[in-house]
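Me: I have a structure to get through today. Can you walk me through it in plain words?

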Amino acid sequence: MANAKQNLVIVESPAKAKTIEKYLGKDFKVTASMGHLRDLPKSTMGVDLDHGFIPEYVPVKGREDTIRELKSIVKKSDAVYLATDPDREGEAISWHLKELLGLDDKRSHRVTFNEITKKVVQESIQNPRAIDTDLVDAQQARRILDRIVGYKLSPLLWRKIKRGLSAGRVQSVATRMVVEREEEIEIFQPEEYWHLDVVLNRLDKPGTFKARFYGDQEKKRELTSEAEVLTVTSAIKTAPFTIASVRRRDQQKSPSPPFITSTLQQEASRKLGMTPRRTMSIAQQLYEGVEITGEGAVGLITYMRTDSLRLSQEAVVDAKKFIEGRYGKDYHPGEPRQYKGKGSAQDAHEAIRPSNVFLTPEDIKKDLTGDQYRLYRLIWSRFLACQMQNAVYDSVVIDAVSAGYIFRANHASLKFAGFTAVYEEGRDDEKEEVQSPLPDLAQGETVALSDIKQEQKFTQPPPRYTEATLVRAMEEKGIGRPSTYAPTISTILDREYVIKEGKHLRPTPLGTVVTGLMKDKFGDIVDLTFTARMEERLDNVEEGKREWRAVLQEFYDPFSQALDEAEKSLDGQRIKIPDEVSDEACDLCGKQMVVKSGRFGRFLACPGYPECSFTKPIVVEMPGKCPKCGSRILKRTSKKGYTFYACEKGAECGFMTWDVPVADNCPTCEQTMFKKSGRGFKKPFCINEKCANFLPEDKRGYQKKAAKTEGETAKATVAGKKAPAKKPAATKKKTATKKTTTAKKTTKKATDSA
């Protein structure tokens with residue numbers, strides 16, 4: 001008897017295939033293409049630039065076995081459902097699969113899943129559609145644009161600067177943003193200003209509070225010199241202080257909207273210390289499916305590449321049920337909250353949210369890796385909070401007047417938690433000074449001056465970008481799209497146009513030189529508004545409003561002309577990259593060492609080569625001072641790759657610790673404080689044994705292995721020999737996760753960041 005034919009579903013990754021197959025039953029076979037199987041050739045341009053930008057697509061090298069296997073399965077299948085991701089890239093992969101496997105319109109069906117749940121998967125299979133050629137054309141246009149820029153500009157950079165460089169529409173603009181921020185910092189001129197605080201006491205009742213200089217004659221004013229401060233202090237020392245006004249009001253704070261790609265990357269960076277690349281990798285795992293006890297593989301979140309704030313009716317109804325059930329009706333605003341995205345947002349997807357809000361992070365914690373749990377909790381909490389009632393604060397503002405000068409004190413205390421019972425958004429800047437509660441003062445009351453505190457300040461330059469703030473800036477300026485933020489930042493770091501110092505991004509001399517050349521010869525490519533307009537044109541192609549070849553032609557004609565002019569003007573020139581001079585002196589000859597790049601990354605080298613060939617690793621200086629001798633604390637790496645912190649004098653001093661030094665000094669002994677290494681450990685402690693604030697090692701948060709009981713020891717010993725230790729469950733899980741991660745690396749999509 002011949003085997004009955006079946007329905008075939010093709011997705012991109014094995015994890016996604018496993019989750020979907022569980023929902024479709026025995027009549028469906030689900031398999032993975034492992035990403036793109038057809039693309040432009042690597043060795044040549046692969047695009048006919050003179051005859052309508054016709055692309056030459058070829059099978060991806062090394063994927064022959066997968067292609068043969070898919071063709072074999074397709075022959076045995078009645079219908080083929082192309083179920084790649086619901087975005088431009090996914091649409092293009094489905095189109096390439098259809099062409100590569102020779103599928104006709106009758107047998108092939110396109111389906112997408114905004115979330116991988118039983119209901120959505122089954123509904124999507126029942127309602128397939130044709131491949132959206134506008135989406136495919138938009139992806140082709142982006143791919144060809146990036147190919148033109150990369151394959152035309154990169155060789156020029158090789159010839160004029162050095163080999164191995166690359167240029168790209170989005171990566172070059174991102175590099176420019178980092179370079180120009182550094183230039184802003186370098187030319188910044190600090191301006192002086194002063195803080196003037198007074199400590200005031202009630203006359204006949206207990207109560208002390210601090211107020212800050214606000215202005216005069218009800219006009220806000222800054223104190224910009226010591227002379228101005230002296231004028232004010234001289235006047236208030238002899239004049240009485242009177243409470244001019246006491247203003248109380250309920251201040252409401254609304255929750256943040258649900259996550260989109262950019263805000264998820266920013267918040268994961270701020271709260272979890274995850275890079276955008278890591279965030280998207282973990283989010284992909286949560287979307288495709290995780291093994292949950294008693295449930296099997298479950299897709300935990302909706303699609304994570306989105307700039308839409310839309311939420312489904314079903315999702316907000318479920319959120320209301322959960323909020324009212326756990327927190328009470330007062331915590332829900334009554335009507336579902338809907339959020340409106342910016343004009344350029346694509347509304348094809350929802351915002352990022354949990355697929356099932358009733359599946360709480362705590363319920364499934366044991367089934368998730370640490371990073372999966374933390375990211376799922378972040379997404380779950382943000383979604384739940386966005387559907388909750390406003391937080392209400394009791395706000396008090398008090399103005400005290402003396403000699404015509406106004407001093408203001410304010411305080412806000414939480415009156416109703418609202419959404420803050422679940423979640424509060426993180427901040428990029430430092431936290432505001434903690435306010436103290438204010439006495440119950442009355443208007444017209446006289447208070448006494450107890451103390452005057454003045455502090456000179458200077459305005460600070462704009463901070464360097466972090467990965468999170470660069471993503472936010474790219475989004476605000478319309479540079480790139482949700483799928484490109486993470487790969488773009490990874491590219492400029494990998495190319496060493498930009499490096500990370502702590503969390504901050506700093507351009508290298510190489511990045512500065514390349515950006516200078518690009519701005520001089522290819523202004524449009526690195527122009528922020530031009531790049532944003534190009535993204536809008538690609539969006540127009542996706543919406544069917546523009547023809548993709550016309551968009552390419554508009555770009556290529558002036559670009560080709562600029563390329564010819566650059567070749568002529570740079571003929572015979574080679575641009576030198578200035579050395580990046582370090583603060584370290586050569587141990588042999590005393591010259592200031594410079595930063596070089598090699599096979600194993602950046603290192604310090606003596607500029608006196610070949611006369612002096614001394615090199616050493618780059619020193620990373622940590623905040624604070626050595627508690628033993630007061631020298632610098634340096635970050636070091638052991639032979640096995642573990643990070644530790646040691647005095648710069650090495651064995652001469654002998655100080656070494658696994659704990660991380662922080663910028664704060666102990667308020668008691670003023671020595672450098674430390675915190676436990678690892679994510680999630682924020683509270684610093686004092687390690688000075690002579691200090692009253694000293695925290696013993698066993699109370700710093702380290703987990704100690706429980707000692708075995710005599711019975712356990714006996715069980716582990718058989719015939720005088722120790723039985724082989726059973727592999728811990730956590731180790732098994734880690735191994736399984738590693739395999740999954742390896743598989744996902746194979747399925748990684750071609751990025752748009754070139």
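Reply: Start with a term. A crossover is right-handed if, with the strands pointing away from the viewer, the path from the first strand over the helix to the second runs clockwise. Helices (H or I, at least four residues) and strands (E, at least two) are DSSP runs, numbered from the N terminus. With that in hand, β1, helix α1 (residues 14-24) and β2 make a right-handed β-α-β unit.

Me: Where does the model come from?

Reply: This is a predicted model, where local features need pLDDT of at least 70, side-chain atom pairs count only at pLDDT 80 or more, and totals for chains, interfaces and linings use all residues. Residues are numbered from 1 along each chain as its sequence is written, and side-chain values use heavy atoms, with hydrogens and water left out.

Me: Back to β1. Which strands does β1 join by bridges?

Reply: Five bridges join β1 to strand β7 (residues 77-82), and the two run parallel. Another five join β1 to strand β2 (residues 28-32), also parallel. Strands count as paired if DSSP finds at least two bridges between them.

Me: Which residues face each other there?

Reply: Asn7 stands opposite Ala79 in β7. On the β2 side, Leu8 has Lys29 as its bridge partner, and Val9 has Val30.

Me: Why is β1 called largely enclosed?

Reply: Because five of the six residues of β1 (residues 6-11) are buried, the strand is largely enclosed by the rest of the structure. Buried means under 20% relative accessible area, exposed over 50%, partly exposed in between (1.4 Å probe, protein chains only). β2 is mostly covered too, with four of its five residues buried.

Me: New topic. How many residues of α12 are buried?

Reply: 15 of its 17 residues, so to speak mostly covered. The expected span of a helix is 1.5 Å times one less than its number of residues. For helix α12 (residues 370-386) that gives 24 Å, and its end C-alpha atoms are 24 Å apart, which agrees.

Me: And the whole chain?

Reply: The chain has 19 helices and 31 strands. Of its 754 residues, 47% count as buried.
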